[in-house]
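Subject: Structure for you to look at

Hello,

Here is the structure I promised to pass on. Please open it and keep it beside you as you read.

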Amino acid sequence: MSEAAITVHNLYRFFGPLQAVNGISFEIPHGSVCGFVGANGAGKTTTMRILASLDYPTMGHAEICGINVIHHPAEVRRLIGWMPDHFGNYDNMTVLEYLDFYARALGYKGAERRQRIDEVMDFTDLVPLADRFSNKLSKGMTQRLCLGRSLLHDPQVLIMDEPAAGLDPKARVELKHLIRVLAKEGKTIFISSHILSELGEMCDSLLFVNNGRIVHHGDSESLKRTSDSLGGVLYDVQLDGDPQALSDWAILQPNIELLESRKTGGRIRIDTEDPARAADVLSRMVRDNLRVIDFHREQRNLEDAFIDMLTNIENDQNQPVRPPPPVPTQSEPPPQKAPNEP
Amino acid sequence: MLVKELRQGLRARSFIGVFLALQIILGVILLSASAAATSDQAGSTISNIIFTFFSIAVLVVQPMRGITTLSSEIKDNTIDMMVMTRLSAWRIVTGKWSAIVSQSALILITIVPYLILRYFFGGMNLLGEIVMLALIFITSSALTAITVGLSASGSVFLRSIVPMFSLPVGSYILLMFLMFGFGRGSSLADFCALDSDASRITISIYIASCLYIGFFFLAAGTSLIAPYAENHSTLRRLIALGVTCITVVLCSIYVTDPDFLPYFLALVLAPAFALSLTEFGPLVPPTYRKFSRFGMIGKIGGLFLFPGWPSGVFFCSLLTLVAAIPYYFVTSSYGYSTDENIIIALGCLGTLLFPALIINLFKMKGPARVSNYILLGAASCILALVLLGVAESMSNPGFLWLFVWLPPVALAMLETRIDDQEIFAAILIVDVVLFAALQVMALRNFLASIRENQQSLSSEAPVEPTNP
């Protein structure tokens with residue numbers, strides 16, 4: 001019994017000389033939302049296609065809910081919903097007919113089929129569009145239709161490749177809302193996107209991939225937090241009143257350094273990441289009659305964090321970043337090499 | 001699949017346009033003919049016009065609609081969404097094919113009233129015209145299978161220009177070849193009346209050829225879109241082997257003229273060779289596991305029936321051995337000199353093997369293997385014809401010896417004064433070299449893939465679905 005919904009171990013996929021996926025390993029627990037982030041050509045789509053049993057790895061091992069995608073692709077397909085990064089819609093086919101076709105293709109019959117179609121149309125708010133031709137839909141509507149299609153068989157795992165690409169802000173908010181609802185229902189969602197701020201909001205964890213390798217796997221908050229090389233942490237402080245009071249106060253404090261004065265306060269550096277120290281600093285400010293109206297740890301946005309990470313990797317090419325070791329499972333199979341293609 | 005395709009197809013402008021145009025044209029013609037009903041020729045003229053327009057609709061327009069069926073699904077990425085369902089690749093391809101054929105059937109049904117009206121004009125060979133109508137429909141189905149199958153190819157040239165020019169010509173040549181081969185030159189409508197053995201045999205062979213060729217092109221399309229884990233090769237090869245065996249038995253018993261042998265066998269073997277030698281998917285553990293359950297028998301069967309080109313080479317060797325049987329019977333029974341026929345057979349065999357060697361030497365991958373195989377085969381035949389033309393214009397047939405390594409050149413050499421024995425020796429050597437090279441390459445790849453599958457299966461941990 002695997003505790004992870006998605007397990008990838010030492011996965012490789014080569015296209016001739018191109019190493020699209022280069023030995024990546026990770027696990028995503030059941031019921032979590034994981035963002036998959038990387039530049040174009042980093043290996044995101046290839047990894048997702050392998051997980052969806054649409055492509056075949058050169059070497060390695062991947063499982064969905066404990067089922068090997070290479071050995072049991074048909075079983076895996078029943079467990080996953082797949083949204084590709086780009087797709088066309090059919091000519092001369094209404095939204096209802098489109099869903100009806102896929103429901104039939106998934107093996108639903110009679111009343112059960114109608115019920116499943118009604119449920120996904122209701123969930124994705126497609127009911128008013130039921131008789132609209134699917135190739136006349138806007139991009140946002142098309143994405144909702146594709147999401148509805150991928151939910152027809154009520155999959156446990158949803159793999160979404162760039163679902164927000166090309167959407168206007170309103171459609172993006174709608175999609176984000178739907179993903180949140182699905183996450184609350186306990187579905188495992190593996191989603192790739194270029195819009196990192198939105199991924200940060202809806203994902204429990206983020207996987208950063210670069211040149212086919214995992215360069216980070218963790219929650220978005222840990223990426224946003226900033227600390228310098230000596231372990232110091234930066235805080236923004238805003239005062240009600242004379243900002244000079246902050247610099248006067250900081251000079252007298254041990255282990256606190258004022259980095260920058262501003263109109264309403266300044267940036268200070270505390271020499272440790274310990275949150276208790278931050279609380280202590282704040283209480284001292286109040287005790288010393290500084291009228292603090294805002295005190296928060298400085299955070300980077302995810303785009304900056306991602307760019308910083310890529311820059312560090314480029315600067316540190318002699319010390320390649322190794323992927324984090326996978327969490328050992330009870331019966332971990334050795335990596336397997338796929339048969340050669342001609 | 002059929003429901004979806006029919007929903008789309010019947011609303012498509014191309015179908016509605018053809019359907020309405022046919023009705024309007026036939027309606028106008030019948031009205032005009034009614035006005036001029038005194039003419040003795042009115043009946044046959046109306047027949048000709050009905051068959052001409054019906055043929056254009058179902059032999060040209062309808063098959064051409066198949067050209068984009070799978071390519072548009074691949075381009076739009078919707079093929080991935082379909083294979084994620086329970087639809088197998090075969091059902092996707094046949095669903096698309098049957099939707100177009102159903103629309104052709106609808107067109108066929110709508111011209112029946114015009115044929116009934118035409119009956120009253122007199123001079124109608126009823127059975128002949130009905131059989132001809134059925135043959136046109138069967139030809140349309142086969143041509144549609146060819147375009148639907150080729151539509152999965154990545155090559156725009158192969159899936160559009162080749163069918164557009166070669167299909168109508170090819171089907172006409174096949175029918176004429178069979179008709180004049182057996183019927184010795186009667187008119188088509190009379191020939192279709194099934195009133196002689198020649199007519200019945202020819203039409204039976206023609207229908208069987210259409211079914212076989214249609215099946216193989218649909219199978220080709222299936223292979224091009226199927227996920228690696230779906231094995232469509234084994235059944236296809238078993239069908240090819242069965243059809244080859246039946247053809248061999250029928251040829252050994254019934255064929256009196258050895259001139260026909262190479263052509264019949266080439267017709268049967270060419271599709272099987274083209275697909276078996278170009279299969280690009282790796283042998284994957286789910287497929288290997290099914291064979292390995294049968295122990296030694298499974299392993300021996302796998303040598304010929306595993307998906308992938310390496311076992312395809314062994315399978316083609318087996319087919320070649322089976323296809324060689326009737327030569328023994330024909331030559332021993334009729335005492336007929338078959339040197340030229342054997343050269344033609346060996347030339348055809350080499351023509352089928354040569355493109356396979358090229359695509360494997362250059363390690364071509366993916367669906368491009370199939371299109372490159374067909375294009376290389378066609379190019380080598382055209383080149384042989386050009387070389388023959390050059391040799392004749394120079395009055396120097398010996399010039400062709402420079403290109404004897406190209407198998408179709410041996411066929412071209414038969415048209416010159418070069419001694420048959422010399423051509424026979426040359427093409428035999430070329431075929432042996434081609435076969436040997438392919439066998440060596442295939443054996444190396446085959447053993448590697450078996451080893452990797454054995455390792456993969458031995459390392460597989462027991463799995464069962466988990467409920468979160």
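Below is what was found, chain by chain and then residue by residue.

One caution before the details. This is a predicted model.

**The two chains**

Start with the secondary structure. Chain A has 11 helices and 14 strands. Chain B has 20 helices and 0 strands.

Next, burial. In chain A, 43% of the 342 residues are buried. In chain B, buried residues make up 43% of 468.

Then look at contacts along the sequence. Take the contacts in chain A between residues at least 6 apart. Of these, 69% join residues at least 24 apart. For chain B, contacts with a separation of 6 or more were counted in the same way, and 79% of them link residues 24 or more positions apart.

**Domains**

The domain assignment of chain A gives two domains. Domain 1 is made of three stretches, 4-89, 137-224 and 305-315. Domain 2 covers 233-297. The C-alpha centres of these two domains of chain A lie 41 Å apart.

Chain B is also divided into two. Domain 1 runs over 1-227 and domain 2 over 247-454. Here 13 residues of domain 1 are in contact with 11 residues of domain 2. Which helices of chain B each supply at least two residues on the domain 1 side? They are α8 (156-183) and α10 (197-225). Helix α10(B) gives the most, with 7 residues. By type, the residues on this side of domain 1 of chain B are 7 nonpolar, 6 polar and no charged.

**Nonpolar cores**

In soluble globular proteins, nonpolar side chains tend to be buried together. The largest nonpolar core here has 189 residues. A:I64, A:V157 and A:I159 touch the most other members. The largest share of this core comes from helix α17 of chain B (residues 339-361), which gives 12 residues.

Now zoom in on A:I64. Leave out residues up to four places away in sequence. A:I64 then touches A:A5, A:I6, A:L51, A:V69, A:V76, A:L79, A:I80 and A:V157.

There is also a second, separate core of 10 residues. Its members include A:Y235, A:V237, A:L239 and A:I268.

**Helix α18 of chain B**

This helix covers residues 368-393 of chain B. Does its length between the ends agree or disagree with what its residue count predicts? At 1.5 Å a residue, the 26 residues of α18(B) should span 38 Å. The end C-alpha atoms are 36 Å apart, so the two values agree.

Several residues of α18(B) are buried, among them B:V370, B:Y373, B:G377, B:A384 and B:L388. Just after the helix, B:S395 takes a positive phi of about 50 degrees.

Find B:R369 in α18 of chain B. Is B:R369 buried or exposed? B:R369 is buried, because 22 other C-beta atoms lie within 10 Å and 20 or more is the cut-off.

What does B:R369 contact, leaving aside neighbours within four places in sequence? The partners are B:T278, B:F280, B:I359 and B:M364. B:S153 and B:R369 are 216 residues apart along the chain, yet their C-alpha atoms are separated by 9.4 Å.

Best wishes

Note on methods: Residues are numbered from 1 along each chain as its sequence is written. Chains are lettered from A and ligands numbered from 1 in the order in which they are written. This is a predicted model: local features need pLDDT of at least 70, side-chain atom pairs count only at pLDDT 80 or more; totals for chains, interfaces and linings use all residues. Domain bounds come from an automatic or database domain assignment. Two residues are in contact if their C-beta atoms, placed from the backbone, lie within 7 Å. Helices (H or I, at least four residues) and strands (E, at least two) are DSSP runs, numbered from the N terminus. Ala, Val, Leu, Ile, Met, Phe, Trp, Tyr, Cys and Pro count as nonpolar, Asp, Glu, Lys and Arg as charged, and the others, Gly among them, as polar. A residue is buried if 20 or more other C-beta atoms lie within 10 Å of its own, exposed if 12 or fewer, and partly exposed in between; C-beta atoms are placed from the backbone. A nonpolar core is a set of buried Ala, Val, Leu, Ile, Met, Phe, Trp, Tyr and Cys residues joined through C-beta atoms within 7 Å. The expected span of a helix is 1.5 Å times one less than its number of residues.
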